[in-house]
Amino acid sequence: MGKLTIAAVAEISDNQHVGNPSDVVLRIEGLRTELRVEQGVIKAVDDVSFTLHRGDTLGIVGESGCGKSMTALSIMGLLPRPIGKIAGGSIELEGVGNLADFSDKQMRDVRGNQMSMIFQEPMTSLNPVFTVGYQICEAINIHHRLSKTAAKARAIEMLELVGIPVPVSRFDNYPHQLSGGMRQRIMIAMALVGRPKIMLADEPTTALDVTIQAQILKLMNTLKSEIGTSILLITHDLGVIAKMAKRVLVMYAGVVVEEADVRDLFAKPMHPYTVGLLQSIPTAEHAIGGRRRLHSIRGVVPSMLALPRGCRFCDRCPDVHERCHQSEPPLISPDSDRRSGRKVRCWLHEAPQNHG
Amino acid sequence: MADSNPNITANDATPTIAPLLEVRGLKRHFPLKSGLFQQQKQAVLAVDGVDLTINSGETLGLVGESGCGKSTLGRVIVRLDEPTAGEILFEGTDIATLNDEQLQPFRRQIQIVFQNPFSSLNPRLTAGNMLNEPLKLHGIRNKDARHKRVYELLDLVGLQAEHYHRYPHEFSGGQRQRLGIARALALNPKLIVCDEPVSALDVSIQSQILNLLQDLQDDFGLSYLFISHDLSVVEHMSDRVAVMYLGRIVELASAADLYKNTYHPYTRALMSALLVPDPTIESTEIILEGNVPSPVDPPPGCHFTTRCPFATETCSTTTPQLKEHEPGHWVRCSRIDDIS
């Protein structure tokens with residue numbers, strides 16, 4: 001009885017901590033995405049749930065093939081056809097409905113207006129045979145009925161907003177005439193033209209140089225507060241996560257293995273995979289005072305077609321024990337950390353009352 | 001001669017040991033031809049007068065943004081590309097002007113590991129055949145001896161004997177990079193140019209490869225020229241670090257020194273743009289305006305003038321030289337005394 005009350009109190013403060021529930025812009029529950037390939041069915045996203053609050057940046061971090069991009073593509077309704085489909089769960093967008101049930105036609109209305117996405121490769125995601133101005137106007141025309149001159153004025157306004165010098169002359173440039181950083185700015189201009197509620201950014205700065213990366217990240221933060229867009233940021237770079245995100249999901253082999261506020265995650269990572277990831281980054285400080293061996297996670301990411309039995313990380317985990325091979329741990333709040341809304345998928349951090 | 005090369009004085013403490021590799025005034029210009037008679041109008045100044053040395057057993061890091069010429073420099077040192085001017089002294093012999101036949105003995109000594117483990121391996125050769133090839137070319141005639149060496153190499157880089165008969169597509173990215181390293185090791189080289197060896201790999205695999213490179217260096221006394229755009233990886237791997245901008249080295253110092261006392265405004269900006277995986281650190285970022293100028297028509301004087309917050313008029317007229325600002329710490333900036 002007493003325990004229950006404490007749990008209930010913790011639940012309440014939990015909610016307060018993560019913000020007013022009415023502030024939720026995107027709520028994902030039990031999302032499952034499957035890819036049908038020759039060798040079988042890949043569960044690329046396996047029971048992923050999270051919420052994104054207004055004005056927040058939620059980071060999803062993980063290595064290649066962990067399902068982070070597939071999560072974003074599921075939300076956008078851009079899964080590769082015909083092999084990909086949403087096999088279960090709901091994607092609740094505030095004021096719009098469950099996107100998982102939407103038809104292609106309905107999704108076209110949502111994309112660009114309510115949600116938009118920027119990709120890793122700014123060169124391949126722009127059409128090389130049209131001027132950037134034309135492409136931005138196209139994005140405007142799909143969603144708003146504007147005259148040609150009004151659309152152009154709006155496009156130039158957007159170019160200015162994303163910090164492109166001399167926007168009037170850049171309007172007539174083709175993508176190849178712009179640098180990588182400029183192209184990514186154009187992508188952002190295009191994504192924000194409909195003032196969307198959510199911007200999904202899939203490795204937005206991975207292809208850019210560090211000094212340009214700093215410019216783009218700063219721009220994304222400025223625009224987030226100016227336009228009031230929430231950002232879902234997908235990256236493999238923990239440095240980018242530390243700088244940008246408020247809350248973080250760590251994904252591994254299609255599942256969320258840890259969810260926490262960014263400061264908690266970096267201060268006290270709980271899942272052995274997160275711990276390993278953080279330790280394997282070389283930081284400049286380490287170099288001082290002689291050579292130091294980097295920590296490394298043994299083995300490789302398992303094939304999604306041949307996942308190990310039990311915990312998906314058990315083959316590579318330094319703290320593996322018998323139970324890990326028997327069954328997969330659930331994603332639960334560890335007992336010691338109920339208040340911060342942390343979740344971890346590991347038998348090591350299982351709350352005692354769940355022992356039964 | 002000595003005063004033109006930053007590393008001679010840097011190594012004063014051990015004057016008896018000649019450097020393994022010494023590069024003097026190295027240039028690589030790519031001519032751009034246009035017009036009716038294909039006249040050369042302009043040139044891409046990819047490497048524009050680089051001096052550096054690598055000592056035996058040392059790792060020299062080379063860091064810079066895309067297009068700064070770091071990869072071209074690496075390729076020229078391995079002689080995959082012809083230098084336009086300058087000398088490449090390997091153990092005292094200038095290999096810059098040697099022809100293919102004369103180069104043959106030096107090819108054994110200087111090897112390269114490429115960035116992309118997907119495109120740098122021949123998809124039609126099994127791992128075993130791939131590693132056999134350099135051994136055949138360099139005159140190990142005995143087949144059994146070659147096979148023995150190949151299995152030895154696979155073991156050295158952490159692959160298994162069963163991988164001998166596999167094709168590149170059957171390997172993961174990290175395993176392919178191990179294969180690339182094994183290929184570079186095959187002929188017992190003294191110097192390996194590592195051109196962004198881990199940038200295509202995931203974080204957890206990246207640390208495995210970096211550890212492997214360090215282990216091999218300890219075991220075989222290898223020297224590395226470690227090229228990367230990632231400042232923290234370079235810091236971790238290198239004894240000394242050279243920072244390159246638009247074909248020129250702008251700062252060169254020991255890794256620890258460069259991190260503690262950064263002088264060149266470009267290096268400072270690079271350092272501040274480095275994202276530290278710690279959310280509690282409020283970074284005081286120096287955000288550089290604009291982009292790297294084109295190496296076809298670099299700004300006159302100091303190449304960094306167009307983006308430098310400290311630039312004055314003289315910066316755009318006179319080209320600063322790489323000078324020793326502190327013992328072993330070389331900086332190319334004419335305003336160094338005002339800004340440090």
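Val248(A) stands opposite Ala260(A), a residue of strand β10(A). The model is predicted; local features need pLDDT of at least 70, side-chain atom pairs count only at pLDDT 80 or more, and totals for chains, interfaces and linings use all residues. Residues are numbered from 1 along each chain as its sequence is written, with chains lettered from A and ligands numbered from 1 in the order in which they are written.

Strand β9 (residues 247-252) of chain A pairs with β10(A) in the antiparallel sense over 6 bridges. Helices (H or I, at least four residues) and strands (E, at least two) are DSSP runs numbered from the N terminus, and two strands pair if DSSP finds at least two bridges between them. The hairpin of β9(A) and β10(A) has 2 residues between the strands, and Ala253(A) takes a positive phi near 50° there. β10(A) also pairs with strand β11 (residues 343-344) of chain A, in the antiparallel sense and over 2 bridges; here Glu258(A) stands opposite Val344(A). Of the 7 residues of β10 (residues 255-261) of chain A, 6 are buried, so this strand is largely enclosed by the rest of the structure. A residue is buried if 20 or more other C-beta atoms lie within 10 Å of its own, with C-beta atoms placed from the backbone.

Helix α7 (residues 180-192) of chain A has 13 residues and should span 18 Å at 1.5 Å a residue, which agrees with the 18 Å between its end C-alpha atoms. The expected span is 1.5 Å times one less than the number of residues. Because 12 of the 13 residues of α7(A) are buried, the helix is largely enclosed by the rest of the structure. The cover over its buried residues includes β6 (115-118), α4 (132-143), α5 (148-161), β7 (198-202) and α8 (210-228) of chain A.

In chain B, 4 strands form an open antiparallel sheet in the order β2-β1-β4-β5. β2 (39-54) and β5 (93-94) of chain B stand at the edges with a single partner strand each, so one side of each is left without a neighbour in the sheet. Strand β1 (residues 21-34) of chain B pairs with β2(B) over 12 bridges, and Val23(B) stands opposite Leu52(B) in β2(B).

The contact between the chains takes 36 residues from chain B and 39 residues from chain A, two residues being in contact if their C-beta atoms, placed from the backbone, lie within 7 Å. On the side of chain B that touches chain A, the largest share, 8 residues, comes from α7(B).
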